[in-house]
Amino acid sequence: MRQFQERKKIKKRIYSKPVVIALIIILALLIQATWKIYLKERESAANLAKTENQLNLLKSRSNVLSEDLNKLTTNQGVEGEIRSKYEVAKSGEQVIVIVDKNTATSSAASGNIFERWWRHFLDLFKKK
């Protein structure tokens, strides 16, 4: 009987209000700590994905730059780069100027007033 009464006292102390409140406080602190760790893990995963994306971009840029460097090691590559940057030509080469159709008509439009008026009149009937 005594054992039963002692168990009853222990049970009463465990389920007392102060012990239950203390356990709830401890549980709340553990949940809060777990939530903070979860948020940090999510942030780390996002940072990892962002960093991997940047790494892939840098690798592709490195490949492009190494290809450009390989082109510049040849005489043709150097010549092509100089031609594209400075618009130069070798001796004996000729320059061809390509003029837009709209630019040519605007320069040809200069003339006396009657010619300009007549061209404008004819342009009204042209198919566009």
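Here are legends for a few close-up views of this predicted model.

Figure 1. Helices (H or I, at least four residues) and strands (E, at least two) are DSSP runs, numbered from the N terminus. Residues are numbered from 1 along the sequence as written, and heavy atoms give the side-chain values, with hydrogens and water left out. Because the model is predicted, local features need pLDDT of at least 70 and side-chain atom pairs pLDDT 80 or more, while totals for chains, interfaces and linings use all residues.

**Figure 2. In helix α3, E79 and R83 join up in a salt bridge.** That term means a side-chain nitrogen of Lys or Arg within 4 Å of a carboxyl oxygen of Asp or Glu. Here the N to O distance is 3.2 Å. The two residues sit 4 apart, about one helical turn. An α-helix has 3.6 residues a turn, so residues three or four places apart point the same way. E93 belongs to the network too, linked with E79 and R83 by salt bridges.

Figure 3. E81 is partly exposed at 35% relative accessible area, whereas K85 is exposed at 57% (buried is under 20%, exposed over 50%, partly exposed in between, with a 1.4 Å probe and protein chains only).

**Figure 4. Over in helix α5 (residues 113–123), R119 pairs with E115.** Their closest N and O atoms are 3.8 Å apart. R119 is partly exposed at 34%, and E115 is partly exposed at 37%.
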